[in-house]
Amino acid sequence: INAEYGEVQVNHLPLLLLPRLPFLHYSTSSTHTHLQLQHKRIQTLHHQLQIQHRHLLISLLSIPTMDTPTSPLILDGRRVSQQIISDLKTQFEEIKSQHPSFITPTLCVITVDPQPATLTYLKHKKDAAQNIGFHYRLETFPKNITQSSLIENIKKISQDVSVHGIIVQLPIPDHLEMWEVLQSVPPEKDVDGLNALNQGLIQVGLPCLIPCTPQGVMELLYHYKLLDVKGLHAVVLGRSPLVGKPIANLLLGREGNCNVTVLHRNTPDLSVYTKTADIIVSAVGKPGLVTPDMVKEGAIVIDVGINFIPCTTTKSGQKMVGDVDPLVYPKTRAYTPVPGGVGPMTVAMLMRNLMLASQKIQGHVQLKEGWRALARITKS
């Protein structure tokens with residue numbers, strides 16, 4: 001019996017693991033149907049053995065949980081994102097030297113009545129783009145703009161051949177239908193990955209522009225080699241198309257190879273699922289949602305939540321926190337801090353998407369896909 005599981009191949013199994021096969025007695029009167037039933041029974045037993053062996057391998061390969069260091073691994077999004085930005089800058093300079101006609105990628109950010117916090121966040125995107133050598137363009141519209149007028153303006157910008165990536169900075173005023181506005185960005189320039197076509201391509205595992213935050217989460221997990229064991233149980237808190245659904249699909253796909261459970265506001269008891277999770281990704285936007293009693297020892301905790309709570313020690317009177325109670329950290333194998341975890345990765349992935357979109361539009365060979373390229377190397 002030969003059973004192959006990823007990179008682990010089992011050629012000879014101990015006899016004790018083999019179930020006792022039924023004595024196959026074929027008399028001269030045995031019919032073809034009888035032979036088929038016997039064959040099916042053997043196939044069933046073999047399948048059961050494969051399942052038992054799969055569980056054994058997962059339990060053996062999951063031993064890192066038992067070796068959890070006294071100090072959990074901090075997934076440093078700032079450091080990893082800086083390296084990605086540096087790599088993109090080098091690759092862009094190489095492309096420009098080899099292809100002088102290559103048009104510099106341009107990111108156009110569309111805002112409607114942006115608030116000070118939004119403008120501060122946009123500065124990070126502008127700085128990253130200009131650091132690489134990309135062009136950055138900001139289009140701001142008044143709060144009272146109509147839905148049809150905003151969509152018409154987005155379509156005009158989309159037709160500009162010098163623009164390779166477009167994002168609609170959220171949130172936008174309540175009178176505008178967010179998802180209808182997002183669909184007006186053409187898929188090939190949708191560097192936020194929120195167009196319905198890109199969302200669908202993620203689900204079926206085909207190449208596309210992936211939403212930046214889920215892509216940043218995968219990049220961190222691969223950078224720190226946290227997906228080396230296949231079959232981990234990943235629990236995703238939140239089901240939005242911005243983060244929850246895309247990250248669930250990415251973790252479930254061939255690159256993640258996880259068993260995924262998605263929780264939402266109507267889930268009766270989150271802890272029933274989180275207590276068994278090897279990986280927890282929280283993208284809800286509720287401070288203190290994940291508490292120590294909800295997390296098992298040695299879990300990997302990814303905090304995507306961005307919340308602001310009152311704080312007397314800061315100049316603004318506010319402090320940024322995630323969804324995860326910091327008291328959870330000592331129990332984990334690895335975790336993302338807030339700030340400094342997933343946030344910087346989101347900006348870095350936006351720059352990568354801009355480069356990919358620009359190369360595809362201009363017909364140049366696309367750069368390596370980061371974590372997806374690593375996933376393929378791991379499987380080969």
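Predicted model: local features only at pLDDT ≥ 70, side-chain atom pairs only at ≥ 80, totals over all residues.

Me: Why is Thr213 called buried?

Reply: Its relative accessible area is 16%. Buried means under 20% relative accessible area, exposed over 50%, and partly exposed in between (1.4 Å probe, protein chains only). So Thr213 counts as buried at 16%.

Me: What makes the link between Thr213 and Thr346 a polar contact?

Reply: Their side chains come to 3.0 Å. A polar contact is a pair of N or O atoms within 3.5 Å; within protein, one must be able to donate a hydrogen and the other to accept it, and residues adjacent in sequence count only if both atoms are side-chain atoms.

Me: Why is the pair Glu139 and Arg137 called a salt bridge?

Reply: The closest N and O atoms of the two are 3.0 Å apart. The rule asks for a side-chain nitrogen of Lys or Arg within 4 Å of a carboxyl oxygen of Asp or Glu, so the pair qualifies at 3.0 Å. Asp160 also forms a salt bridge with Arg137, again with the closest N and O atoms 3.0 Å apart. Arg137, Glu139 and Asp160 are thus linked in a network of salt bridges.

Me: How do you know that Glu139, Arg137 and Asp160 are partly exposed?

Reply: Glu139 has a relative accessible area of 22%, Arg137 has 27%, and Asp160 has 25%. Each value falls between the buried and exposed cut-offs, so each residue is partly exposed.

Me: What about Glu219 and Arg352: buried or exposed?

Reply: Both are buried. They form a salt bridge too, with the closest N and O atoms 2.6 Å apart. That pair links distant parts of the chain, with Glu219 in helix H7 (residues 212-223) and Arg352 in helix H10, 133 residues apart. Helices (H or I, at least four residues) and strands (E, at least two) are DSSP runs, numbered from the N terminus.

Me: How do you know that the span of helix H3 is close to the expected one?

Reply: H3 (residues 116-132) has 17 residues and reaches 25 Å from its first C-alpha to its last.

Me: Why are the buried residues of H3 said to line one face?

Reply: They are Thr118, Leu122, Lys125, Ala128, Ala129 and Ile132. Seen down the axis of H3, they fall within an arc of 110 degrees, so they line one face. The arc is that of the directions from the helix axis to the C-beta atoms. On the other side of H3, Pro116 and Ala117 are exposed.

Me: What makes something a nonpolar core?

Reply: It's a set of buried Ala, Val, Leu, Ile, Met, Phe, Trp, Tyr and Cys residues joined through side-chain atoms within 4.5 Å. The largest one here has 59 residues, and Met351 is one of those with the most contacts inside it. Helix H10 (residues 342-362) gives the largest share, eleven residues.

Key:
Residues numbered from 1 in each chain as written. Heavy atoms only, no water. Expected span 1.5 Å × (residues − 1).
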